[in-house]
Amino acid sequence: MVSRRLGVKRPQIYRFKLGAFEVTNILDGVFWRDGMHPRFGANQPLAAAQALAQANRIDATRFEHPFVPTLVDTGRELILFDTGNGGLARGVGVGDFSKNLPPGDLAALLPAAGYRVEDVDVVVITHGHPDHIGGLVTDGKPTFPNARYVFGAAEFDFWRRGENVREARKINRELFMKIAAPFGDKATFLDPGGELVPGIRAVDAAGHSPGLIAYHLESEGARALIWADTVIHYVMSLQRPDWTVDVDDDKDKAVATRKRILDMVATDRLWAIGYHMPFPSVGFVEATSEGYRWVPASYQLNG
Ligand SMILES: [Zn+2]
């Protein structure tokens, strides 16, 4: 056989049991970004970020950024948390996202996960950033034709009003108004503490975005937190939760929220499901002397 280079092959679908719920994580795409610093730890010396990367055997000059929407089948409804990048990198929406985001594979991967786009009963948007709303529409129509929609009330209101949107997010606001705001007519809106469906409730995670909502899942005593973008990188954000992150809209508030959520997940021994954690993006959190450590799930959730 002539030697061939086959390239990287990786899993894109992972389903596990959480009590009576079935939870499916799907790798919508990955994007390689330059520079760990100053994206992470702009309030720290470069050498500190380099040392932390080195200690964790990861490149200090670039990192892989995964995008992982989550489906939860509660037995009554199929709920999708965030919609991935959709067609943004192919010019859908406004502006050119092709230099920042990969094409979204979520809809194409659904059949291999055992679902059709028509099967999704509820679409939940944790916050209004492009990589979470990009998959709401395909060819100008709703990607999930039978779904109802749920947004965080404060988050939706922030984008709709368009006041105090920082410069870097102005294009994001345009995008939100074009592809997400139209769903407002038939959406419902949740506040922190509110119940999405029995067993799933909203948790305040504002900071990364003005009204970011995390979701606490509980079924037959098994518990998990979909923390969305509270934590962006599995080393930088966990091991040094105090370090600022460039994509956090309110950096100080994001630090406080990150510490509160990480403390809750570690103390309450919750499973964490993280949109930007390395696939399959489920694990637990262990407290350390300076922060926390991401411990990926092995087989605990398979049985
Ligand atoms: Zn994100």
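Contact here means heavy atoms within 4.5 Å. Helices (H or I, at least four residues) and strands (E, at least two) are DSSP runs, numbered from the N terminus. Buried means under 20% relative accessible area, exposed over 50%, and partly exposed in between, with a 1.4 Å probe and protein chains only.

This is a predicted model, in which local features need pLDDT of at least 70, side-chain atom pairs count only at pLDDT 80 or more, and totals for chains, interfaces and linings use all residues. Residues are numbered from 1 along each chain as its sequence is written, and side-chain values use heavy atoms, without hydrogens or water.

**Stop 1: helix α7**

Now colour its buried residues: Ala254, Val255, Thr257, Arg258, Ile261, Leu262, Val265 and Ala266. They pack against β13, β15, α6 (236–239), β16, β17 and β18. Arg269 follows α7 and has a positive phi, near 55°.

**Stop 2**

Axes are lines fitted to C-alpha atoms, for helices over the stretch in contact, and angles run from 0 to 180 degrees between N-to-C directions.

Two strands pair if DSSP finds at least two bridges between them.

Zoom in on β14 (213–219) and β15 (222–228): they run antiparallel, joined by five bridges. Ser219 stands opposite Ala222 in β15.

**Stop 3: the other seven-strand sheet**

Select β1-β2-β5-β6-β7-β10-β11, given in sheet order. This sheet is open too, and its pairing is mixed. Its edges are β1 (13–18) and β11 (187–190), each with a single partner strand. Neighbouring strands are turned by 20° against each other on average, direction ignored. β2 (21–26) pairs with β5 in the antiparallel sense over four bridges, and Val23 stands opposite Val72 in β5. α4 packs on the sheet and touches β10 and β11, at about 85° to β10.

**Stop 4: the nonpolar cores**

A nonpolar core is a set of buried Ala, Val, Leu, Ile, Met, Phe, Trp, Tyr and Cys residues joined through side-chain atoms within 4.5 Å. The largest has 37 residues; Val123, Leu136, Phe144, Tyr149 and Phe151 touch the most other members. α5 gives the largest share, four residues.

Centre on Phe151. Beyond its neighbours within four places in sequence, its contacts include Ile125, Phe156, Phe176 and Leu190. Another core, of 29 residues, lies apart; among its members are Phe21, Val124, Tyr215 and Phe279.

**Stop 5: two loop residues**

Pick Thr74, in the loop between β5 (70–73) and β6. Its relative accessibility is 15%, so Thr74 counts as buried. A polar atom of its side chain lies 3.2 Å from the backbone nitrogen of Arg76.

Finish at Asp139, in the loop between β8 (137–138) and β9 (141–142). Asp139 is exposed, at 73% relative accessible area.

Definitions and conventions: A polar contact is a pair of N or O atoms within 3.5 Å; within protein, one must be able to donate a hydrogen and the other to accept it, and residues adjacent in sequence count only if both atoms are side-chain atoms.
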